[in-house]
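Let's walk through this model together, beginning with the overall build and ending with one residue.

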Amino acid sequence: MKAVMVGATRGMGRALARLLAGRGDALALLGRDPNELLTSSRDLVARGASGPVPTGHLDLAEPAGFEAALDAADRALGSFDALIVTGGDFAPQETLERDTARLARLLEVNFTGTVVLCQQTAERLARRGGGTICAFSSVAGDRARRGNYLYGASKAGLSAYLDGLGLAYADRGVRVVSVRPGFVKTAMTVGLPVPPFAGEPESVARVVLRALDRGKPVVYAPPIWRWVMLVIRLLPRAVMRRARF
Amino acid sequence: MDGLSLETVAGWGRHPVCRAAVARPERLRLPRAGRVLPRGLGRSYGDAAVPASAQSLVLETVRADRILAFEPSTGALTCEAGLSLAEILRVFVPRGWFTPVSPGTKFVTVGGCVASDVHGKNHHRDGSFGGFVGRLVIETADGRLVECGPDRERELFLATVGGMGLTGLITEATIRLKPIETPWMFVETEPAAGLTEMLDRLRHAGKDWPYTVGWIDCLATGSGLGRGIVIRGRHASRGEAPGVPPRENTPRAVPFDGPAWLLSPALMRAFNTAYYRIQCRRTGGRLVSHDAFFYPLDSLRDWNRLYGRHGFLQYQCVVPRAAGAPVLSELLDRLSRAGAASFLAVIKDFGPESDAYLSFPLEGTTLALDLPYRGPATEDLVHLLNATVIRAGGRIYLAKDAATRREDFERMVPRLPEWRRVRDRWDPEHRFGSALSARLLGDES
Ligand SMILES: Cc1cc2nc3c(=O)[nH]c(=O)nc-3n(C[C@H](O)[C@H](O)[C@H](O)COP(=O)(O)OP(=O)(O)OC[C@H]3O[C@@H](n4cnc5c(N)ncnc54)[C@H](O)[C@@H]3O)c2cc1C
């Protein structure tokens, strides 16, 4: 696989990038912090990525720069065949309720930016016969809960988009993998109360890698969340309200 | 936006504990102000990686674990301080490289190995971890990034190796890996009927073997005092090992805290005797995986829980060669008279000491014992053992200690004033501190 990764310097993206590097895939890293990108690039080279791991600037909040970043990645890797977006924004509900500028940015990054990037990449991959697009949504997008519906809404939109993208581009050889992690212990979630079934980035990465290789359209990780969310989706609204979910 | 979580922090021995804020960032950076304690995988037994009070921030390095460079012509590996030996082995053993020094568990970080200047079964030949460190990057108390090594900022380097996290935050390290031909170990065991025989066999094996260690049945008394097994090993050559790597074992977890009867002297005695008998029959050479040779305890994850919720102390001391058998038998004798059963007594020959001020190893013999924690009685036993060690000119290992008194410590470490001077220069306000430094150095908590 020749994969372009957005968000691979941290958390689940970092763990997934290491698995890909470990089996000798070619990688390019896009992101905002040049030092972090360079450090992660060195890590992935040492862990066995094929060739150097080029890095480039991409901010999910600035869609104007996407085409140029994808062009550069294409040049550096020689036509990549996969895009993996693990990057995203997160803030606690109270922060988002108070600070609408913060909210706007989160929606921009998690929904608008990610959708535009995937759309541009899908076109690009379809033109050359196909490829894979993998983006990390969240179980929070499966059902609105009072405690995190703002973040959840951005991911619900993304999930719906990825579903549709998979349907629309299947005939043109583009496979879409939508990952819905449950609570994962990363730097992003430090300080939050840890719910049952919380996962580690490494085990999530292994689940995602299997799905990537098989082109599975929707993956829950850790896998138990598929069943947890099945139950939560079936809960009647009145129960949700009474249980103060 | 890395957050903090409030956690109960303890060493591997689960005593003592302290509740404090813990940060686990992917990028190591000191907070601008306040007290800090760096911590790796928490495999030090006592209070070295435990804060003295909730005022201190615990900075766990485990997510800062990136490999920054590897030079195949020399084996030089540059990495962030949170990288674990387990991960180094996973990545580099297939390429023919091994960590130059390995403690008895691979779940330790490079930073933790530097800060404790850990030793392995090859100390008699290769010395301790610090000898393989070419360069460190340290964030000092004032927020500066300082490069140090044997050839630059040497004093800071010598104070940091073995310095138990009290001179600054190690963010990056360059260490020299050593080449191996295969992932297999060639191992031999032989019994020793008593202490003098044990010491003789260890010395003798050390002449030809890179790795040696002895295991003592410390419940045997009288003429059997010090009886046990000598284990010696080396990396297997291409000619003698199978072409396939050894099978990896999946660690089993200990699901609950051990009940008190598990630690009863009768059971311990039965265990030790059985182990001794089994090992006596297993003489001769055999091939084993490096995991089985170096890290037998790692196959049981969380085995520290076997000691129950009061935890345990580990006592490890070294006595100079000249003191020899009489002092060691006095220590074993005190132990058995105190009825403080020990699953594990490990004995090992050390080579010459290093220049690092607080480094533990010293040319002579080291003894390591597990002591179930039973409150003041256990601490009294430690003081008693310490008195013998001090008289012999020996010292204790800070990575395992939780009970030594300040005045005893001062008598054990002649280079302490030098170390203090260097520490005070780089961290005049003692921003870096632990329960250990409060106990042994008189830092305010
Ligand atoms: C089963 C077992 C067997 C062992 N066998 C041996 C053995 O054979 N030989 C031996 O020498 N030791 C042995 N040990 C002890 C162990 O090797 C040391 O305690 C080691 O330092 C633990 O590393 P860690 O990453 O867990 O560090 P921690 O326990 O988390 O920390 C240890 C010390 O290092 C400091 N530290 C950690 N990271 C940094 C950093 N980045 N910058 C500055 N300071 C830092 C901490 O402040 C603390 O003082 C054993 C331990 C166990 C549990």
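Lys and Arg count as positive and Asp and Glu as negative, while His and the chain ends are not counted; each charge is placed at NZ of Lys, CZ of Arg, CG of Asp or CD of Glu. With that in hand, the 57 positive and 50 negative charges of chain B have mean positions 4 Å apart.

This is a predicted model, in which local features need pLDDT of at least 70 and side-chain atom pairs pLDDT 80 or more, whereas totals for chains, interfaces and linings use all residues. Residues are numbered from 1 along each chain as its sequence is written, chains are lettered from A and ligands numbered from 1 in the order in which they are written, and side-chain values use heavy atoms, leaving out hydrogens and water.

Chain B holds 12 helices and 21 strands (DSSP runs numbered from the N terminus: H or I of at least four residues for helices, E of at least two for strands). Its radius of gyration, 21 Å, is close to the 22 Å that the globule rule gives for 445 residues, so chain B is as compact as a globular protein of that length. That radius is taken over C-alpha atoms, and the rule is 2.2 Å times the number of residues to the power 0.38. Of those 445 residues, 62% count as buried (under 20% relative accessible area; exposed is over 50%, partly exposed in between, with a 1.4 Å probe and protein chains only).

Now turn to A:His57, which sits in strand 3 (residues 55–57) of chain A. A:His57 counts as exposed because its relative accessibility is 53%. Beyond neighbours within four places in sequence, A:His57 is in contact with A:Gly31, A:Arg32, A:Glu62 and A:Ala69, contact meaning heavy atoms within 4.5 Å.
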